[in-house]
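Please read the report below alongside the sequence and the coordinates. It takes up aromatic contacts and then the arrangement of strands.

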Amino acid sequence: TSDALSGSIRERLGTEGLAFFDAIAPIFSRESIDESVAWLGSRYGKGEAAYLNCPLDSDQYEAFVDGLLGADTHQGHDWENVPYFEGCLPIEVMAQRGRETLRFGPMRPVGLNDPGTGLRYHAVAQLRAEDLGGRMWNLVGFQTRLRRGEQERVFRMIPGLGEAEFLRYGSIHRNSYLRFPRTLSSHGGLPALPNLVFAGQLTGVEGYTESIASGLMAALNIDRMERGLDPVLPPPTTMLGGLYRYLREADPEHFQPMNANFGLLDPLEQKVRGGKRKRRAVYSDRAMAAIQRWSDEFRPGAGSAGRA
Ligand SMILES: Cc1cc2nc3c(=O)[nH]c(=O)nc-3n(C[C@H](O)[C@H](O)[C@H](O)COP(=O)(O)OP(=O)(O)OC[C@H]3O[C@@H](n4cnc5c(N)ncnc54)[C@H](O)[C@@H]3O)c2cc1C
C-alpha cells in the first residue's frame with residue numbers, strides 16, 4: 001500500500017483503523033482439541049470462562065522449550081524483515097531469551113490452578129475462541145515464524161493439542177490492513193460513504209483467492225448500490241460468507257487477517273462419519289449448492305432486490 005493511499009485511509013479512519021503488521025498465532029479446530037486435558041476457565045475465575053487451558057508439568061514444559069529452541073524458522077525476504085514489537089514477539093524469540101521467559105509470559109500459570117485439586121501448574125498455554133461460533137481457537141501469544149512442519153511438531157507437544165488440527169498456521173508479516181470489525185460495514189463499505197468499498201488484503205482477508213473473491217463482492221455490491229439496491233453477502237455455509245462473517249464479528253481488539261478454512265463455515269447439521277476427508281466433502285457440497293442458489297438470486301441480471 002503506497003504512503004499516499006495509507007495516508008488517505010488514515011485521514012478517514014484514524015490511526016486506530018489501520019494496522020501494519022500481522023502477528024498471527026496458530027488456530028485449531030475445537031473438535032480436535034482434547035478437552036479431557038484442556039479445561040475451560042478464565043484466570044482467577046474472573047468473568048466468562050473464555051479460555052481453553054492446556055496445563056504443563058515441569059518435564060512437559062522443559063521438553064516444549066527444547067522443541068521450540070531446536071525448531072527451524074522461516075527467514076522471509078529482506079524487505080519483509082519485521083521490527084518486532086515487545087508486545088508481540090515470536091514465541092521462539094521469547095524462548096531464546098531464557099528458559100523461564102515463557103512461564104512469565106504467554107504460558108503464565110498464576111490464577112489458572114487445577115480446577116480439581118486447586119494446585120498450581122508449572123505452565124499453562126491458553127486458547128481463546130477466534131469466532132463467535134467457537135469453532136476456531138487461537139493459541140494466545142504464540143505468534144511465530146516457525147516453518148509449518150515445525151509448528152505441527154512443536155505445538156502438538158502441548159498437552160491437549162496432540163491431535164490438534166491447524167486451521168491456520170502462525171506467521172508474522174509486514175502487511176497493511178484495516179481493522180474491519182471496528183471500521184467497516186458488513187460488506188466492507190465505509191459507514192459514512194457506503195459506496196466506497198474496500199476489498200482484498202486491505203480488508204483483512206489473506207491469500208490470492210480470498211482477495212479476488214472479495215474484489216468480486218465489492219464490485220457486485222457497488223453495482224447494486226448504484227442501482228438503489230442493498231448490498232448482499234453469501235450465507236455462512238459458503239467459504240466467502242464465512243469469511244465475511246469473521247471480518248464482521250471478530251474481536252476488534254485482536255483482529256488479525258484470515259485465510260479460507262473450514263472453521264469459518266457453519267457446522268454441519270448432522271454428524272458425518274468417515275473422517276475429515278468425508279466431512280470436508282459434505283461441507284463443500286453444501287457450500288456449492290448454497291452459492292448456486294445465492295448466485296441465481298443475486299447475480300446482476302437475476303432481478304432480485306434482496307438484502308444483506
Ligand atoms: C511473499 C509473499 C508470498 C505470498 N504467497 C502466497 C501464496 O502462495 N498463495 C496465496 O494465496 N497468497 C500468497 N500471498 C498473499 C497474496 O499475495 C495477497 O493476499 C494478495 O496478493 C492480495 O491481493 P490484493 O489484490 O488485495 O493486494 P495486492 O496484490 O497487494 O495488490 C494491491 C495493488 O495496489 C497497488 N497500490 C498500492 N497503493 C496504490 C495507490 N495509491 N494507487 C494505485 N495502486 C496502488 C499496489 O502496487 C498493488 O499492485 C503471498 C504474499 C507475499 C507477500
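## Aromatic contacts

Phe-28, Phe-166 and Tyr-169 come together in one aromatic cluster, in a model that is predicted. The structure holds 10 aromatic pairs, and one of them joins Trp-39 to Tyr-121 in a tilted arrangement, with 6.5 Å centre to centre and 35° between the planes. Because Trp-39 belongs to strand β3 (residues 39-41) whereas Tyr-121 sits in the loop between α3 (91-96) and β5 (123-129), this pair ties together parts that are 82 residues apart in sequence.

Trp-39 has a relative accessible area of 16% and is therefore buried, the cut-off being under 20%; Tyr-121, at 16% relative accessibility, also counts as buried.

## The open sheet

An open sheet is formed by 6 strands in the order β3-β4-β5-β6-β2-β7, with antiparallel pairing. Since β3 and β7 (166-168) stand at the edges with a single partner strand each, one side of each is left without a neighbour in the sheet. From one strand to the next, the twist averages 40°.

Helix α2 (residues 58-69) lies across β4 and β5, and runs at about 95° to β4.

## Strands β1 and β8

Strand β1 (residues 18-24) pairs with β8 in the antiparallel sense over 6 bridges, and the bridge partner of Asp-22 in β8 is His-173. Of the 8 residues of strand β8 (residues 171-178), 6 are buried, so this strand is largely enclosed by the rest of the structure.

How values were computed: Residues numbered from 1 in each chain as written. Predicted model: local features only at pLDDT ≥ 70, side-chain atom pairs only at ≥ 80, totals over all residues. Heavy atoms only, no water. Buried < 20%, exposed > 50% of the residue type's maximum accessible area, 1.4 Å probe, protein only. Helix = DSSP H or I, 4+ residues; strand = E, 2+ residues; numbered from the N terminus. Pairing = 2+ DSSP bridges. Phe/Tyr/Trp six-rings, centres within 6.5 Å; stacked < 30°, edge-to-face > 60°. Axes fitted to C-alpha atoms, helices over the stretch in contact; angles between N-to-C directions. Contact = heavy atoms within 4.5 Å.
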